[in-house]
Each structure stands twice: as C-alpha cells, then as structure tokens.
Protein chains: 2
Amino acid sequence: MDGNRVIGVDLGGTKILAGVIDAEGHVHETVEHPTPMESEEALLAGLVAAVAEVRVEGVRAVGFGIPSQIDQRTGTTGRSVNIPLANVAFRSFMEERIGLPVAIDNDANVAALAESGVGAGHGAKSMVMLTLGTGVGGGIVIDGRLYRGWAELGHIVVDEDGPPCQGNCTGRGHLEALCSGIAADALAVEALGPGATAHDLVEKRHEALAIVGHHLGNGIGTLVNIFNPELVVIGGGFGTAAFELLLPSAREIVRREALWPAGDVPIVVAALGNDAGLIGAGLLALELAA
Amino acid sequence: MDGNRVIGVDLGGTKILAGVIDAEGHVHETVEHPTPMESEEALLAGLVAAVAEVRVEGVRAVGFGIPSQIDQRTGTTGRSVNIPLANVAFRSFMEERIGLPVAIDNDANVAALAESGVGAGHGAKSMVMLTLGTGVGGGIVIDGRLYRGWAELGHIVVDEDGPPCQGNCTGRGHLEALCSGIAADALAVEALGPGATAHDLVEKRHEALAIVGHHLGNGIGTLVNIFNPELVVIGGGFGTAAFELLLPSAREIVRREALWPAGDVPIVVAALGNDAGLIGAGLLALELAA
C-alpha cells in the first residue's frame, strides 16, 4: 500500500468504525469502538481518538460518514436523530484537531457512494440505496453521480398518520418508523415476546418480517416512481441480515406500486456489508486527496 | 421581437395550444385547437398544422410538452393515458415534418421548467412542482436544472394500501389517487351529493378540501425530505383553483413531516396559469436554439 491512502470513519448510532482505505477502496487496518452517547464532547473526542488509533504515515485525508444532516457549504452538521450531535462546525473542528483535509457526508450518502463506486451498483448510472439500520437512510445516484443534497430517504411518508417516527422526527408513518432495526425490534417483541429483537426474527425466519418487507416495498415504489433507477440496493445492518426475508413481500409491492416497467427494477443486497460506510467515507477522502 | 424566437406547443387532453415565445419567455401569437382524438395520425397532423399556423420568419426551434412518458435518448413517446399517442418516434418525426430542431418533454416537466424559469420559482436553484389536475404530475429542479428523469411525482405512495390509483396504475394510496381533481370530485359527491364536483367544493370553500390538503401535505413532506427545495409550487387546474383552501392543512402536515428546518419551505401557487405548458415548451426550444 502506497500513494493515496486515507482514513474513512463510519459513525453509527451504536459504533464508530475507522480504517485505512487505499486508492482502490480496499480496507486495511480498522478499529471499532462503541459510540460515546453521553455528550457531544465525548462523541467528538471518540472520533478523534479512533482516527489517531488507525492513522499511519502517508495518510492524506480523512472522510466521515455521519448520521446527521450536513450543510456542505459550511461543513456543519445539523440535527442528528440518533446521536448527540447538532449544529457543530464538524469539518473545521476535525481539520483542526487532526491536521488533515476532512470530507464529510451523511452516513447513507457515503454508503451509497461506496456501493455505487465499488459495490453492488458498480457501473450503474442510476441507483437508489436504502440502509436499514438503527434508523433508515439512503442515497441516490443520478446520471452516474451521487446526489449530494438532502436525500433523507428514511423520512419519506409511507403510511400517512401512521406510527410516530424515531428520535426528534415529528413525522408519522415514515419509512424509518416502519423498516428500521428498531421498528423490527418492536415487531419482534410483539411476535416473540419481551426481550426479542430483530435478530431473533431473522434467525427464526419469522413471517413478521413480511410486514417490514411490505412497508419497504411501498417505500421503494415511491422512490422508483421518482427516479426509475437501474437498481435498488438494500444495505445497513438490519437490511443486510434480513434482506432475503424482506425481499418477497417487498418485490410483490414494488410490482404493484411502480409504474410500468419500473416494477421489475432489480432489488439487490449491498455488497460491502458493514464496511460500506467506512469505504464510502474513504472514497470521500480520496476525492479530496486526488 | 428579434433574435431567438421559438415555437412552444402544449399538447393537452382537450386542446393544443401553440405560440411563438421570445428569448425572455414572453408569449406572442398563439393558436388553440381541440386535440384530434380520432387517431394518432390525426393528432400528429394537428400538431404540425398548429406549428405551421403560428410560424413566423426567424423561428429557430420548436418545443413540445406532451402528456406522455418520454425516452429522451431516442425522442420517443411511451404510454399516454389521455391521448392517442404511443411509442412514436416523436422528435424525429416532427423534425422531419417541420424542418427545425425539436425538443420534447412531458407536460409536468415543461410546466415546472416554465415556473422555475419565468414563474413562481424564478431564480430558485431548487424547486418541487406538483400539478394537480385530472391526474397529478410534477417536476423537480435540482442545482438550477430541471431533473429530466422519470419524476412521476403523482405516483409516490402517501397512504400504503390506500385507495386504488387512477388509469392504468395498479398502485394504492398514491398522491394522484388522493389529490387529483378526480379524487376531489369523488370527495365532492361524498360531501355534497350526486353530481357535485371539485369545483363546487372550491366555490363553497368546503371543509372537505382540508382532507385533500392533508394528503397533499404528506406528499410534499416526502418530497421535501428528499429534495429540501427552496420552494414548492402547486399548479394544475384543480391545484391552482383550490390552492388557498388546501394550503392550511397541507402546511400543518408539512411542518409535522418535514425534517427541520425544511418544514418551513415556502409553498406557493403557480404563477403562469394555463400558459405554463406553452411557455415551458418554448423554454425547451430556446435551450436548443441557444
């Protein structure tokens, strides 16, 4: 490994994953730590420490995928639904603390960047990605480029006046409220009893997952009717683990909801697994270092 | 009027409106004829005749807004719900018959182009437009440019498993099924009795329109969470007439559904009225002639 190497950092609601990424998008040394949730200060310190831990000589830039809204002009994070981070001048803070150029984008955008660059959507000119994890996010590739706008795909309305959304979101019936790992946990408790989780539903191949797939199909239907992508990629911890069990009911609903012929759009599982955020953050940093 | 002048043609389900448009988007001579519905051949001949009727010396290109899906690579029209036109190599046919460069796009896209170019969204870098008429359509401006993709905004899912959509669409609870003029007609019958129409609801300022506004707010919430536009423009025959009566409940729901601070996005009525399609078709042609 020489030449362009960068650090990618995937900040999630439960863990921080940091690693060294080379110019081909390959992952080298990585570290993983629980996300400090007690305060914004602790969270930022945890990120700086993770970068320091993996940093090797010759690293030229650092990219962060963050589960927050981002204002790219200022490098500031807006509200974050699941982590203690709001209105921080994140990019300049990190550039100062780390001493390297820093690129940031939201976690779902970086995952989509990774999947479109070196993953399941490699070569596709248009793609919609949905990440089903603690929350639900997404990214959109249009004309071969990642759409760097808002793209809060977890907050499309699927079931108006439906169940309340998560965290600070005041919406109802959002995709995130219906298809996140947390939503699946709640479904698991209902189906299997107290203490059960989404993981148990997947392990038992429980039919309750068809309900999640049904909601997911409606969300995909909306996005397909807007973007008519070449493919839809499903990622995130829960989405990846449950993919095969969600797909049949999701596919059935996409066929019903999507305008012809978009209902036949391929729906595939993310190829990069838990590394998508890390790799995408690295690709962001590589753009800076190029 | 000199320099760049073009012809814009708005092909609707009931009439063809053609006119000369100057470089500022101003409309000059226009003609209006009923849309020939007896055959595809008659329809195409009617369009050629309308162009010939308004054509003046120095016209450099012709733009058409068509109520059909369009394949921009080939210039071919796909399915058309309300007119006898399907799978026609429209652009090359017209270029040959008229002897000028021809641009085409679907009717909702050209209306959005007009509103963003010289109408309610003038100067906006990003805009979502929804046209509520017989059906529901829409257009999206991203980074100052009209998104020329699929953008079937009337077919986003608002209420999963809700009422069946219109025409050939097999979806349920789509924006079009809930907020079109036809949907409002059905609501009018429910609220006022047999024979009542959306027009009566508007005239009586009937509270049932708050239900349409509620659905509309959910649809806008979805689009705002994806695109975070500078403004949302509501057009179309029903949308324009009912705008003030839909707005209070739509605004309330957008505030609830949209991620902060996008819930405060301005929601305004279209400025160009029935000329939006004509002007947008002219702007398409001006792009060609530039």
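Guide: Two strands pair if DSSP finds at least two bridges between them. Strands (E, at least two residues) and helices (H or I, at least four) are DSSP runs, numbered from the N terminus. The model is predicted: local features need pLDDT of at least 70, side-chain atom pairs count only at pLDDT 80 or more, and totals for chains, interfaces and linings use all residues. Residues are numbered from 1 along each chain as its sequence is written, chains are lettered from A and ligands numbered from 1 in the order in which they are written, and side-chain values use heavy atoms, without hydrogens and water.

Visitor: What is the order of the five strands in the open sheet of chain B?

Guide: Strands of a sheet pair through backbone hydrogen bonds, either parallel or antiparallel. In chain B the order is β10-β9-β8-β11-β12, with mixed pairing. Because β10 (145–146) and β12 (267–269) of chain B each have a single partner strand, they stand at the edges, and one side of each lacks a neighbour in the sheet.

Visitor: In which sense do β8 and β11 of chain B pair?

Guide: Strand β8 (residues 127–132) and strand β11 (residues 231–235) of chain B are paired in the parallel sense over five bridges. Opposite B:Ile234 in β11(B) stands B:Leu130.

Visitor: Which strands does helix α8 of chain B touch?

Guide: Contact means heavy atoms within 4.5 Å. Helix α8 (residues 237–257) of chain B packs on the sheet and touches β8, β11 and β12 of chain B.

Visitor: How many helices and strands has chain A?

Guide: Chain A has nine helices and 12 strands. Its C-alpha atoms fill a box of roughly 50 × 40 × 35 Å along the principal axes.

Conventions. Axes fitted to C-alpha atoms, helices over the stretch in contact; angles between N-to-C directions.
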